[in-house]
Amino acid sequence: MYYRMYMAYEAKNDSPALRAFIYICLCVSSIAVNIFLYLEKILGYASVVTDRLLPDVDPLIMKIIYILVVLIYSFLVYSRRDIRYYENLFDDKEWLNTHIKIWMLILFPFVVLFGGTLLLVPLFGGEIMGNEVVGLFCK
């Protein structure tokens, strides 16, 4: 994904390294948010956690820590490598480079984020448009 976004922004001459880095941060964040939501629900139903995972920590501090972890992880994994590394890695992937379109890559983090949270309600219960939904894994 980093390589394809880098090449797309480079074709537009629009700071490709920064834009691709931001895209990877968005992808990692959308996946991590879903993982955290599901873990919280699963641990809550398993009676491992009573109120919250960290009851004495301010939510703003947790958000700041989360953002910093995502930025550092993305920087260390993706942007420190030269683009030639990714070119060598993905130049021979003809099917991947022709069938996966840029619009699919742009849509991917939003589908993961909203699809994962929408799937959360039928699995663990909740409320949709004022109607109570009993989840598949409800107590």
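**Cysteines, helices and contacts**

Reply: Begin with cysteine 27: its sulfur is 9.5 Å from the closest cysteine sulfur, which belongs to cysteine 25, and that is too far for a bond. The model is a predicted one.

Me: How many disulfides does the rule give?

Reply: A disulfide needs two cysteine sulfur atoms within 2.5 Å. For cysteine 25, the closest cysteine sulfur is the one in cysteine 27, at 9.5 Å, so the pair is too far apart for a bond. The count of disulfides is therefore zero.

Me: Is cysteine 25 buried or exposed?

Reply: Buried means under 20% relative accessible area. Cysteine 25 has a relative accessible area of 8%, so cysteine 25 is buried.

Me: What is the relative accessibility of cysteine 27, and how does cysteine 27 count?

Reply: The cut-off for buried is again under 20%. Cysteine 27 has a relative accessibility of 3%, and so counts as buried.

Me: What is the pattern of the protein along the sequence?

Reply: The secondary structure comes to six helices and two strands. Read along the sequence, the pattern is α-α-α-α-α-α-β-β.

Me: What percentage of the residues count as buried?

Reply: The protein exposes about 9900 Å², and carbon and sulfur atoms supply 68% of that area. The protein has 139 residues, and the part of them that counts as buried is 24%.

Me: Among contacts between residues at least 6 apart in sequence, what percentage join residues at least 24 apart?

Reply: Contact means heavy atoms within 4.5 Å. Among the contacts in the protein between residues at least 6 apart in sequence, the share that joins residues at least 24 apart is 64%.

Me: Which residues of helix H1 are buried?

Reply: Helix H1 covers residues 2–12. After H1 comes asparagine 13, whose phi is positive, near 60°. The buried residues in H1 are Tyr2, Tyr3, Arg4, Met5 and Tyr6.

Me: Which residues does serine 29 contact, leaving aside its neighbours within four places in sequence?

Reply: Serine 29 lies in helix H2, residues 16–45. A polar atom of the side chain of serine 29 lies 2.8 Å from the backbone oxygen of cysteine 25. Leaving aside neighbours within four places in sequence, serine 29 is in contact with Tyr66 and Val70.

Me: How far apart are the C-alpha atoms of leucine 71 and serine 29?

Reply: Leucine 71 is in helix H3, residues 59–79. Not counting residues up to four places away in sequence, leucine 71 touches Phe21 and Cys25. Leucine 71 and serine 29 are 42 residues apart along the chain, and their C-alpha atoms are separated by 9.4 Å.

Me: How does leucine 71 count by its relative accessible area?

Reply: Buried is under 20% and exposed is over 50%, with partly exposed in between. The relative accessible area of leucine 71 is 37%, so leucine 71 is partly exposed.

Me: Which residues does serine 30 touch, not counting residues up to four places away in sequence?

Reply: Serine 30 lies in helix H2. Serine 30 counts as buried because its relative accessibility is 4%. Not counting residues up to four places away in sequence, serine 30 touches Pro109, Val112 and Leu113.

Me: Which residues does valine 112 touch, with the residues up to four places away in sequence not counted?

Reply: Valine 112 is in helix H6. At 21% relative accessibility, valine 112 counts as partly exposed. The C-alpha atoms of valine 112 and valine 33, 79 residues apart along the chain, are separated by 9.7 Å. With residues up to four places away in sequence not counted, valine 112 touches Ser30, Ile31 and Asn34.

Me: How far apart are the end C-alpha atoms of helix H6?

Reply: Helix H6 has 23 residues, 102–124. At 1.5 Å a residue, H6 should span 33 Å. This agrees with the distance between its end C-alpha atoms, which is 34 Å.

Me: Where in H6 does the kink lie?

Reply: Among the buried residues of H6 are Leu105, Pro109 and Gly116. H6 is followed by glycine 125, whose phi is positive, near 85°. The kink in H6 is about 35° and comes shortly before proline 109, at phenylalanine 108.

Definitions and conventions:
Residues are numbered from 1 along each chain as its sequence is written. This is a predicted model: local features need pLDDT of at least 70, side-chain atom pairs count only at pLDDT 80 or more; totals for chains, interfaces and linings use all residues. Side-chain values use heavy atoms; hydrogens and water are left out. Helices (H or I, at least four residues) and strands (E, at least two) are DSSP runs, numbered from the N terminus. The expected span of a helix is 1.5 Å times one less than its number of residues. The bend at a residue is the angle between axes fitted to the seven residues ending there and the seven starting there. Buried means under 20% relative accessible area, exposed over 50%, partly exposed in between (1.4 Å probe, protein chains only). Accessible areas come from the Shrake-Rupley method with a 1.4 Å probe; for residues, only the protein chains shown count as cover. A polar contact is a pair of N or O atoms within 3.5 Å; within protein, one must be able to donate a hydrogen and the other to accept it, and residues adjacent in sequence count only if both atoms are side-chain atoms.
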